[in-house]
Structures are given as C-alpha cells and as structure tokens.
Amino acid sequence: MAERTVAAGNAGRTGRPDGPGKVVIAGLGLLLPAGVLILWQILGHYGVISEMLFPTPYTIVQSFITLASTGDLWSNLRISVVRALSGFLLGGGLGLFFGILVGLFRRSEKLLDPSLQMIRMIPSLAVVPLFILWFGIGEESKVLLIAKGAFFPVYINTFMGIRGTDNKLFEVARVLGFSRGKQIVRLVLPAAVPNIMLGVRLSLGLSWLGLVVAELIASTSGIGYMMSDARQFADTPVVFVGIIVFAAVGLLSDTIVRLIEQRLLRWRDSYQG
C-alpha cells in the first residue's frame with residue numbers, strides 16, 4: 001500500500017503517469033500492418049495468391065522507386081494536390097460562409113437550407129456528365145466536383161455548432177453589452193470551433209474522394225489518371241502505388257488539421273483514453 005502511494009506521488013511530481021511510452025505504443029500500432037505485409041509477401045512469393053491481382057509488397061516498392069526516379073509520380077502528385085486543395089478551399093470556404101449565415105439567421109435557414117439539402121442528396125457521380133458538358137474536361141470541372149463534396153461537411157457542422165451554442169452565453173453577452181458583431185466574433189464562432197474543425201476534417205477527406213472520381217473519369221494527368229492508365233495495361237503494382245499515395249497524403253493532411261485543431265482547442269479539457 002505504501003509503495004503504491006509513493007509511486008502515485010512520484011507520478012504526480014513528474015507529471016507523467018506510469019504506463020507504456022510513446023515508442024512502445026507506436027510499436028504496438030505497427031504490429032498488425034507489419035504482420036499483414038510479411039504474410040502478403042510470403043503468400044505472393046510462393047504463388048499462393050496471384051501476383052497479377054495482388055503483387056507482393058516488394059514489387060510495389062520497386063514500382064514506387066521507378067515512378068519516383070523518373071519523376072512521373074511527383075509531377076502527377078503535384079497536380080492532384082493542387083486540384084484537391086483548390087476544391088477544398090472553394091467548397092469549404094463557401095460551406096463556412098453559408099453555415100454561419102444559415103446558423104445565425106432563421107430567415108436565411110428557411111430560404112437557403114431546403115435547396116442546399118436537396119443538392120446534398122444528389123450523388124457526385126450523377127453530376128459528372130453535367131459538369132463535363134458545362135465546363136469540359138479541364139480543371140474547372142474537376143475543381144467544382146471536388147468543391148461540391150467539400151462544401152456540405154463544413155456547412156452542416158458549422159450550422160450545428162452555431163445552433164448548439166448555449167443560450168445562456170447570449171444572455172451574458174447582452175448583460176455585458178456586446179454588439180451583434182462582437183457576439184459573433186467573441187462568442188458564437190469560438191463555441192462552434194469544435195464542430196467547424198470536425199467539418200473541415202470530413203471535408204478534406206471528401207475532397208480526396210472527389211479527386212479520385214474526377215481523375216478516374218476524365219483526366220490526362222494526376223494520380224487518378226496514372227492509376228487508370230496502369231489499369232488499362234494491367235500494371236497492378238502502379239495501381240497499388242496510387243492507392244498508397246492517396247492514403248499517405250490523405251493521412252498527412254488529416255494529421256495537419258488535427259494539430260491545428262489541438263492548438264485551437266487547448267482550452268478544452270477532453271478525455272484522453
């Protein structure tokens with residue numbers, strides 16, 4: 001009993017609870033993917049699974065090195081990143097604007113929200129032919145298709161964050177004599193930040209999904225086009241390289257947003273698990 005008390009006191013003084021370190025936790029997180037890759041390599045090497053359909057990790061790494069050394073991978077990746085970020089900024093920015101507008105004003109909600117919800121229910125694939133007819137197969141149609149997917153997560157979460165603000169805070173703001181603009185800047189938007197950041201993360205993920213759809217259907221450049229071109233020639237390793245690149249870039253962008261979110265929400269005491 002005394003030893004446990006001393007250990008608890010030492011943990012309190014150092015500010016670090018007893019438990020596994022970050023290296024151990026990271027190692028545990030790598031066990032499953034490492035095991036899958038090793039099993040995949042063994043099964044492919046001995047012909048248990050078709051290398052035509054499931055090339056081994058070693059073959060995929062070789063394809064990655066070849067694409068990277070020739071520069072094809074980086075040029076296509078740069079084009080895809082510019083498209084995804086352009087669509088995300090356009091759609092997410094409009095989603096934030098309309099989310100604030102509809103969230104703050106009841107009349108705006110009645111006027112705009114039914115139409116926006118109707119547009120939300122239209123699948124992105126359904127509007128691809130229309131976008132191609134209107135804007136051709138250039139960058140405009142791709143960016144607008146990505147923007148359509150990026151718009152609604154930010155819009156809905158901004159709206160919900162504003163409407164979820166505690167009404168007592170507005171009463172306090174009135175007592176303090178806050179103007180309408182000051183209420184929005186000092187009260188409403190900070191209270192809605194958790195929802196807005198959730199919308200941004202979802203929007204960013206849908207931007208990458210929209211990018212894949214846009215580049216696979218009508219494109220002459222980008223990672224999606226590289227994958228589509230490889231599929232026609234049955235170059236499966238290149239298809240896997242494209243999938244891995246999309247996953248890695250998507251994870252990187254989500255991690256950046258999470259770091260920004262943690263910085264903005266340092267004041268919030270949340271459950272750490």
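How much space lies in the largest pocket? About 330 Å³ of space lies there, a volume being the space filled by probe spheres set on grid points that are joined across faces, edges and corners. The model is predicted, and local features need pLDDT of at least 70, side-chain atom pairs count only at pLDDT 80 or more, and totals for chains, interfaces and linings use all residues. Residues are numbered from 1 along each chain as its sequence is written, and side-chain values use heavy atoms, with hydrogens and water left out.

**The largest pocket**
- On a 1 Å grid over the protein atoms alone, a pocket is an open set of points with protein on both sides within 12 Å along at least five of seven lines, while a cavity is a set of points where a 1.4 Å probe fits but cannot get out; lining residues have an atom within 4 Å of a point.
- The lining of the largest pocket has 16 residues, and those nearest its centre are Ile119, Phe131, Leu144, Ala147 and Lys148.
- At least two lining residues come from each of α4 (72-104), α5 (106-120), α6 and α7, where helices are DSSP runs (H or I, at least four residues) numbered from the N terminus.
- The helix that gives the most to this lining is α7, with five residues.
- By type, the lining of the largest pocket divides into 14 nonpolar residues, one polar and one charged; Ala, Val, Leu, Ile, Met, Phe, Trp, Tyr, Cys and Pro count as nonpolar, Asp, Glu, Lys and Arg as charged, and the others, Gly among them, as polar.

**The cavity**
- One cavity of 30 Å³ or more is found in a search of the whole structure, and the largest cavity holds about 70 Å³ of space.
- Among the 10 residues that line the largest cavity, Val128, Ile132, Ser141, Leu145 and Ala214 are the closest to its centre.
- Two or more lining residues are given by each of α6 (124-135), α7 (139-163) and α9 (180-217).
- The lining of the largest cavity comprises eight nonpolar residues, one polar and one charged.

**A residue in a loop**
- Ala234 lies in the loop between α10 (223-232) and α11 (236-264), and its relative accessible area of 40% makes Ala234 partly exposed (buried means under 20%, exposed over 50%, and partly exposed in between, with a 1.4 Å probe and protein chains only).
- The phi of Ala234 is near 55 degrees, a positive value in a residue other than glycine.
- Most residues other than glycine have a negative phi.
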